[in-house]
Amino acid sequence: MLMGKPSRSLFSTCSVLATERDRISKGGGEDGNGKSTDTHDQQESTLNPSSEREREPRPISPHNISSPTSKTADPNSQNFLSVPGTRSRGNSLDSEDANSPRSLGSETCIPSSPSTGEHPDKGASTKDVDVRNDPNALKPDPKTEDDFEVENNKFAFSPGQLNKLLSPKSLSAFYALGGLAGLEKGLRTNRSTGLSIDETVLDGTVSFEEATSASTPEHTPRASRRTTSMKYNAEDVTKNNDRFIDRKRVFSDNRLPARKTKSIWELAWIAYNDNVLILLSVAAVISLALGIYQSITATGNEARVQWVEGVAIMVAIIVVVVVGAANDWQKERQFVKLNEKKEDRNVKVIRSGKSVEISVHDILVGDVMHLEPGDMVPVDGIFLEGHNVKCDESSATGESDVLRKTPGDVVYQAIENQEPLAKLDPFILSGAKVSEGVGTFLVTSTGVNSSYGKTMLSLQDEGQTTPLQLKLNVLAEYIAKLGLTAGLVLFVVLFIKFLVHLKTIQGATAKGQAFLQIFIMAVTVIVVAVPEGLPLAVTLALAFATTRMLRDNNLVRLLRACETMGNATTICSDKTGTLTQNKMTVVAGTFGTWPNFGENGPSSTQQDANENNQSSETNNVAPADCISSLSPSVKELLLNSISLNSTAFESDENGAATFVGSKTETALLTFAHNYLALGSLNEARSNAENVQLVPFDSGRNELAETELREEERSGLGAIVEQYSSRSLRTIGIIYRDFEQWPPQGAPTQKEDRKQVVFERVFEDMVFLGVVGIQDPLRAGVADSVLQCQKAGVFVRMVTGDNIMTAKAIAQECGIFTPGGLAIEGPVFRKLSSHQMNQVIPRLQVLARSSPEDKRVLVAQLRKLGETVAVTGDGTNDAPALKGADVGFSMGIAGTEVAKEASAIILMDDNFNSIVKAIAWGRTVNDAVKKFLQFQITVNITAVVLTFVSAVASNDEESVLTAVQLLWVNLIMDTFAALALATDPPTDTILDRKPEPKSSPLITLTMWKMIIGQSIYQLIVTFILNFAGKDILNFGHSEGEDRVFKALIFNTFVWMQIFNQYNSRRIDNKVNIFEGILRNKWFVGIQFIIVGGQVLIIFVGGQAFSVERLGGRDWGISLILGLLSVPVGILIRMIPDSFVRMLIPSYFRRKQDKPQVYISDEEQRYEWNPALEEIRDQLTFLKKQSTTQSETRTDTRILSYPPNSRIINREKKLI
């Protein structure tokens, strides 16, 4: 059997055809006249246009979109999936061996034990309680009485009564509500056509008695009715607010109340609740009180402005608090929007008889909703019908095994017949995951009334603390301790000086004011030293990055993924839809062994493969000509094989008929529509009856035995290889007819005697044909892969396609390069850990891989010290997505389970978006480092300058006053965080290698700039403070002294302003203006800071202890500030290696692992842990080679399992 990539595609499920006339078995069978026939001859005649048998109409069996295997308690009861006319299973040879292990599936599956009324722990056995007469079935639980009372309820049931179905699972409540028929009537819906899209305000009411009387003991399950399938825009279906008014009023929609966000006043209070700010506020109040007293008691011409400093400190505190609160408020708003986007998704429901896609928030009670493998169930409900639906409810109930679901009508009938109920479970629980099967269910509880909604209300996300935030919090704590120490030392020194000069201070008020000045200065030093802006910087960087990443189709679910992605060293990417367009088209095909079509010939490497390949190309024709050469019966069989084995549905978009579903299915359906005269897909399916649906299993890829002659098999193999070499996905079409269903002698499933064990009938299949489906590369993927490689990120392709197709695609997009390895999954999984460590560094393509192979690869890469990003779309990809450092799920093709397990959702399923995520991740890390570089420079300069100038001053006053320092603190904390944390990715951000996990937060290059700028700023301010008056010819009057101090303050601020530009780079490159105009926030912040400083100098006056400066003084301030830029360039020109030599060995960071320095690349590489495993072996080899010490030997210790298929493209020497 020829299969493509394992997916929920056309042939991921297999319908088995049943007919009363035809039978093909391995040992032959009987035709309609009772004559013996040979299977091989029948297979040949199937593809022979002249065959008489082909001209007979062939019964077919459809793949029902919502059809699922149902498990009935009564083997004799009528099942809606049964085949009319089949004989009783009592005569089956296998019926006596009901408990045979062969009839069991391979997975762990146990029946659930729904509770009954007040006995949830006793199962549903009628021996414990009579489900039909449980007085507590609909009795309100304590504190839930309000849910049972609804004013003007136009429905038969209240939300409280419906909640009794699942709190806990209660068959008593299910029976008391009238079963499915009662729910259908009471909720005023239709199980076949769903809710009407025209429903607004409902007329009349339905009483409880009317609804529950809809079910009678004679009620039987109604037949499955197929609905028309259309795809609507979610907004078109729900955009009218006047729809479903009564339904929303009584039951609400599926939205949870938004988590109450903190108001601006609450955030301001939180920002103010800082010990240092409170301490400073106390000092400000005391200063204001003393200032007011001094102003009132001033005599003569003494200025009455002593209160200004206290007010100025208060104003500064208020500004700091308001700005901080505003930033927090903006951050909360952005994350609320992101969470809304993260939680929103589209689901499929039936409305007005049509399958439509709506937002998960717009699901209503009474909706009929589809279930598919990998879905995360968003609401509670009752199972209607389906094939082999099993749910994993572990996240909701803690039950580790998957639970098989039974249609509600079957359960109701079992209750009526007083049959055992312990194994019957019709309940669909919100928060559960559909592990397999397809079906539909009736929604009974949504939003706050659903079990998942109630849980989520108590667990609403309060935000995430990322690893980078934790690191910065620790760093901020260390810096704050240093600042506190500096403040205390300053206070002690100044207090000693105060005591020494105490006798010279006249008056108690003056003494109190002098002491208060010392206290305020010490507290202000602490305020300046405490880096409040560090946590703010990373929060702002993450907020901006996640918001902008959403525009680049990256929805960040976990904030830590932003930081981690920037340092990813390897990407394990899917092929279909990620590297390719996921727009598949049938471009080649072969039916039987010779009628084929396809424009392109085989690749040059395949042209001389064999004669069959060559002959097939000579007979190559157009698709229409190829199809026209087939007999009508073969065309019909081909048409039915394509149209019935599919879950895709029809859509009418912009007046053109299209198909919606799996890309493989839609490609085949489009082919059938264009060349096989496929009319209405719904009509074709409605005219057929499904007897059993078997979900796709990649393990069955090659289990079927098909009857082919050796030369046919050889020619078919050549065709498949040719298709694969052209990057085509190969899909085989096979079938088998049966006389009856279940076939005589076929083993049946333990749970349902009308369902056979598929593996036992999946043999002796008839080969019909094979087609090649092309999925072209996405535009720009090759460039993106090259970008990743330039950025030091190793890209690997992990795909389920065969190795030839995988190699061809990988070569086309630049992943498979000379020297790389391409390995098949069955080979990879047999390698030992030691062998994997040798293979993985060169592994570029892993073909025919299973989700488990991907998980093992990810785990092994992480053991080797790699930072791994991995993409996945299926439910089985969840372990790999969870196990990776960053998991990317597919927003379009991904299942809900995969999305839940991932850290980032690719909204467009595009590899190019992963590259953008890397760029944004590096931008976040860089933003924090830029701010860190700037703030530590200001911290060092401000604290040292304040300390030295205050101690050296005769009056214990610093050259910078408390209010001036608070303005500097505002610049470096809040404004600088906004300016430096909002830089977008630069064009060169991917031109460097990722940083190893062990790299420090502050690099040597950053320390070089921090120390260099601090030295420059301290030299300038010290020269101005201690020698500036003489150099600049300032007088010694009080006015001249105020102008001189204003000059120092102005110069200090301008040095910080220009140092912001230096801090825009954390490497040794000199272009500090790169991308500056793309950051509007940075430009805007510069205007605010410059404008604020100019206003302070001109109108700040008494509050800031400054005087207006003249042109000369402004020139001096600006020039000294501007010199920070060329000084920064000079600092960058100093080699890091030279600086490293100057650092004493005691202060050098100890390396955890050995490093190798590559001089050509100027890069240090850490020791690869894989090398440690072969250290002993190398030692052994060294001992063995003592006799050949003069001979250089290249030894490889790599063994592979027998029949391994490992492809090595050796590097060509140029």
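Residues are numbered from 1 along each chain as its sequence is written. In this predicted model, local features need pLDDT of at least 70 and side-chain atom pairs count only at pLDDT 80 or more, while totals for chains, interfaces and linings use all residues; side-chain values use heavy atoms, with hydrogens and water left out.

User: How many helices and strands does the chain have?
Analyst: Both come from DSSP runs, numbered from the N terminus: helices are H or I with at least four residues, strands are E with at least two. On that basis the chain has 41 helices and 32 strands.

User: What share of the 1214 residues counts as buried?
Analyst: Buried means under 20% relative accessible area, exposed means over 50%, and partly exposed lies in between (1.4 Å probe, protein chains only). Of the 1214 residues, the buried share is 54%.

User: How many aromatic pairs does the structure hold?
Analyst: Rings of Phe, Tyr and Trp (its six-membered ring) pair if their centres lie within 6.5 Å. Planes under 30 degrees apart count as stacked, over 60 as edge-to-face and the rest as tilted. The number of aromatic pairs is 25.

User: Are the rings of Tyr175 and Tyr412 stacked or tilted?
Analyst: Their centres are 5.2 Å apart. Their planes are at 20°, so the pair is stacked.

User: How many residues apart are Tyr175 and Tyr412?
Analyst: Tyr175 is in helix 3 (residues 171–176) and Tyr412 is in helix 12 (residues 408–416). Both residues are buried. The pair links distant parts of the chain, and the separation is 237 residues.

User: Are the rings of Phe671 and Tyr675 stacked or tilted?
Analyst: Phe671 and Tyr675 both lie in helix 21 (residues 663–675), four residues apart, about one turn of the helix. Their ring centres are 5.2 Å apart. The planes are at 45°, so the pair is tilted.

User: Which residue lies over the face of Phe794?
Analyst: A charge sits over a ring if NZ of Lys or CZ of Arg is within 6 Å of the ring centre and within 35 degrees of the ring normal. Another such case is Arg1064 over Phe1082, at 5.3 Å from the ring centre. Over Phe794, at 4.1 Å from the ring centre, lies Arg796.

User: How far apart in space are Phe888 and Leu555, C-alpha to C-alpha?
Analyst: Phe888 is in strand 28 (residues 886–890). Phe888 is buried, with a relative accessible area of 1%. In sequence, Phe888 and Leu555 are 333 residues apart; in space, C-alpha to C-alpha, the distance is 9.6 Å.

User: How many disulfides does the structure hold?
Analyst: A disulfide is a pair of cysteine sulfur atoms within 2.5 Å. Cys391 counts as buried at 1% relative accessibility, and Cys788 counts as buried at 2%. The number of disulfides is zero.
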